[in-house]
Amino acid sequence: MGVAIIKENQAQSKMDFRNLTIKIIFLSQTTIGILGNFSLIIYYVVYYIVHTLKPTDLILMHLVTSNALMVLSTGVLHTMAAFGLTHLLNDLGCRLILYIQRVGRSISIGSTCLLSIFQAIIISHRESCYKGQKVKSAKYVGYSLSLLWVLHIFINFILFVDIFIKRNRDNMTRDRDFKYCYIVGQNEFSDLLYVALVVCPEILFSVLITYSSGSMIGILYRHKQRVQHIRSLHVSSRNSPEWRATQNILVLVSTFLGFYTLSSILQGCIALLNNPNWWLLNINRLTSMCFPTFAPFVLMSHYSFMPKLSLTWIRNKTS
């Protein structure tokens, strides 16, 4: 009897330690994500007051904004659920939060794809782009970003289709419990629409990101091979802004592909398992938030944001 009680106490202690650990991790990840993304949003707002954003900076601003949406709509609620604040929202509120998550995720993937493709075009047509097509490229980037937002804002409204067709319960799939909220039944038709209109384009975006990143790596490698015997040209090219930007973007895109691939694998495992364990569920939640959380710090480490922000502030004060 005494041995059984001791074992039970040990098991309870392990469970308490496990729960405390996941609480600290969720809280830390969410806090870091909020600070990082909103620091960059403030930077872009302040910088935009004085300067016109370059196409690359414009894409990064939208990427950071979408990441901030994901951190607020996902990270905060996962943290609250970890601390025991579960099922705070009704069915409609839960769908609204999930809608914001999906829009943020779609814009994040789309912006990353646009960033990698745009930079691949820039370095493959370096001279023509930098002589006479800066304004055109910026205009096309702005149109593309606007189209990306409009499309995904409307496409993800399929999440609310179930509300209007709940009378027919025969086609309803299982209910979904997100811990922080609960969705009552989803229609098979809306699930198919989501796969066709959201999941398939995300896969296509990932393929385009991989292809454009491979193209940039190939261009950089050929360029290095071409100028490696000419020291002065090699140094000049290595220090040129477009080549540094390309290397920085490759780091960001590689980070995205790594976390996105890992998250997709984990989500696939969860979908295949009838009863996924506690660790798999929480690791998947943490992994899905890794890119939105750490992307701002990848950008900060490869771009001199703070000196530029300080110069902008000084110019505002002296003008």
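Trainee: Which residues does UniProt list as "transmembrane region"?

Mentor: The unreviewed UniProt entry lists 24–46, 58–83, 103–124, 145–165, 192–221, 249–273 and 285–305. Positions follow the numbering used here, the feature name is shortened, and annotations may be inferred rather than shown by experiment.

Trainee: And what kind of model is this?

Mentor: The model is predicted: local features need pLDDT of at least 70, side-chain atom pairs count only at pLDDT 80 or more, and totals for chains, interfaces and linings use all residues. Residues are numbered from 1 along each chain as its sequence is written, and side-chain values use heavy atoms, with hydrogens and water left out.

Trainee: How many helices and strands are in the protein?

Mentor: The protein has 12 helices and 2 strands. These are DSSP runs, numbered from the N terminus (helices H or I, at least four residues; strands E, at least two). The order along the sequence is α-α-α-α-α-α-β-β-α-α-α-α-α-α.

Trainee: How many salt bridges?

Mentor: The count is 2, taking a side-chain nitrogen of Lys or Arg within 4 Å of a carboxyl oxygen of Asp or Glu. One joins Asp 91 and Arg 95, at 2.9 Å from N to O. Both residues sit in helix H3 (residues 91–124), 4 residues apart, about one turn.

Trainee: Are Asp 91 and Arg 95 buried or exposed?

Mentor: Buried means under 20% relative accessible area, exposed over 50%, partly exposed in between (1.4 Å probe, protein chains only). Asp 91 counts as buried because its relative accessibility is 16%. Arg 95 is buried too, at 0%.

Trainee: Which residue pairs with Arg 105?

Mentor: Glu 202, with the closest N and O atoms 3.4 Å apart. Arg 105 is in H3 and Glu 202 in helix H7 (residues 188–227), so this pair ties together parts 97 residues apart in sequence. Both Arg 105 and Glu 202 are buried.

Trainee: New topic. Which residues touch the most other members of the largest nonpolar core?

Mentor: That core has 52 residues, and the ones touching the most other members are Ile 59, Leu 60, Val 141, Phe 178, Tyr 180, Leu 252 and Phe 256. A nonpolar core is a set of buried Ala, Val, Leu, Ile, Met, Phe, Trp, Tyr and Cys residues joined through side-chain atoms within 4.5 Å. H3 gives the most to this core, 14 residues.

Trainee: What is Phe 256 in contact with?

Mentor: Setting aside neighbours within four places in sequence, Phe 256 is in contact with Ile 109, Thr 112, Ile 209 and Phe 291. Contact means heavy atoms within 4.5 Å.

Trainee: What is the phi of His 87?

Mentor: His 87 has a positive phi of about 50 degrees, though it is not a glycine. Most residues other than glycine have a negative phi. His 87 lies in the loop between H2 and H3. His 87 counts as partly exposed, because its relative accessibility is 42%.

Trainee: Last one. Which residues of H10 are buried?

Mentor: In H10 (residues 278–288), Leu 280, Asn 282, Asn 284, Arg 285, Leu 286 and Thr 287 are buried. At the start of H10, a side-chain oxygen of Asn 277 comes within 3.3 Å of the backbone nitrogen of Trp 279.

Notes: A polar contact is a pair of N or O atoms within 3.5 Å; within protein, one must be able to donate a hydrogen and the other to accept it, and residues adjacent in sequence count only if both atoms are side-chain atoms.
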